[in-house]
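Please look over the model below with the following points in mind.

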Amino acid sequence: MTDVTAEDTEEPTKPGKMGLVMAVLLAVVGAGTGFFLASSGKVPLLGGKKTEQAHVEAAGHVSKSYADVKVVFVDLPPVLISLESKRGTRHLRFHAQVEVETKYQTDVEAIIPRIVNVMNSYLRALSLAELQDPLALPRLRAQLLRRLSIVSGEGRVRDLLVMEFILN
């Protein structure tokens, strides 16, 4: 028979929890270092603070796009919409201007009646509750801008500026 020694009967040693503790510690240190670098601006690609040069370059890019393109503002006639509510009839007075490139000014001015028609149709479809929502104006502006872009042709209307939005 074979001799069984004490060495043969011992179970293999289990690794301690030291490896797990080290992994967690390294993860915490790595996350802290990454957060510090990102928030201090040392690594700007991770969303840290922009350097002064990056702000100047960004501002220069925006101003170049407007400097290269000449724009005009075409005034649209004010629109008065009647809205029914539980307390009676309320009115919305809406006045806007559209920003267009100079080369498209006459094209957009020629279709002002169609633009007013689209604005009337959209505004009349809204309920009083929708207009009283605090986010109503940005939503309304975006919806109208999209509709005006479709009516006038893609790329002709650059922006819609709300000059008057009175609900009484």
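1. Of the contacts in the protein (heavy atoms within 4.5 Å) between residues at least 6 apart in sequence, 66% join residues at least 24 apart. This is a predicted model, in which local features need pLDDT of at least 70, side-chain atom pairs count only at pLDDT 80 or more, and totals for chains, interfaces and linings use all residues. Residues are numbered from 1 along each chain as its sequence is written, and side-chain values use heavy atoms, with hydrogens and water left out.

2. The protein has 7 helices and 4 strands, which are DSSP runs numbered from the N terminus (helices H or I, at least four residues; strands E, at least two). From the N terminus on, their order is α-α-α-β-β-β-α-α-α-α-β.

3. Within the largest nonpolar core, which has 27 residues, Phe94, Val98, Met119, Leu123 and Leu140 touch the most other members; such a core is a set of buried Ala, Val, Leu, Ile, Met, Phe, Trp, Tyr and Cys residues joined through side-chain atoms within 4.5 Å. Helix 5 gives the most to this core, with 7 residues.

4. Leaving aside neighbours within four places in sequence, the contacts of Phe94 include Met119, Leu123, Leu140 and Val162.

5. Buried residues make up 23% of the 168 residues in the protein, where buried means under 20% relative accessible area, exposed over 50%, and partly exposed in between (1.4 Å probe, protein chains only). Met18, in helix 2 (residues 18-40), is exposed, with a relative accessible area of 55%.
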